Amino acid sequence: MRDLPFRLADCGASAVGRIEIYSDLLTESLDGVAYVCRTHSEAAARAITAAGLTASMSWDLPPGVARICGHVHLFPTGMLGADDRHPRWCDRRDCAQRGEHRSRSSEINTSRPEAYLVTVALVQAGHAAAEPVVVLSATDDTGGAQVALSIGQVRALRYRLGKSLDAAGRSRR
């Protein structure tokens, strides 16, 4: 097992709850389960969240499951269970052949017919000094286009989009 980006108490008490660990809500990657006692459940959830992961607590252990507090089970197909040669968001498919790491693409779905099918994914060139970028793809009946934005540009865009959405919401009133 690889080193985890968080540390949990290892008190040895019987676990009474479990925390599902998600590394990426964009791709809804369930990566593992941490087992906790009541005393350490909040601290464990905070540690997982502080590591940039999402924690979802459940007090119902499956029948016949007996674990100790602090035990973490990683799913081999999850982002945390894979080797350290990939970013944790990488889909781990054909990275060497592509020459890049790529997350699963997520469709921007408004649940309404739209003029363009828009997807978003993280991409990082396969060399050590490469920074990840966000790739937006838009496709319609006539073709498509892609734009790669730096993480800094995406942060600024997120801020500008929030302001624009706020302004659009105020103008309707």
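Predicted model: local features only at pLDDT ≥ 70, side-chain atom pairs only at ≥ 80, totals over all residues.
Residues are numbered from 1 along each chain as its sequence is written, and side-chain values use heavy atoms, leaving out hydrogens and water.

How many disulfides does the whole structure hold? A search finds zero, where a disulfide is a pair of cysteine sulfur atoms within 2.5 Å. For C11, the closest cysteine sulfur belongs to C69, and at 3.7 Å that's too far for a bond. C90 has its closest cysteine sulfur in C95, 3.3 Å away, which is again too far.

## Charges over rings

R38 sits over W59, 4.2 Å from the ring centre, and R67 sits over Y35, 5.4 Å from the ring centre. To count, NZ of Lys or CZ of Arg must be within 6 Å of the ring centre and within 35 degrees of the ring normal.

## What lines the pocket

Now for the second largest pocket: V118, V134, L157 and R158 are among the residues lining it. (A pocket is an open set of points on a 1 Å grid over the protein atoms alone, where a 1.4 Å probe fits, with protein on both sides within 12 Å along at least five of seven lines; lining residues have an atom within 4 Å of a point.)
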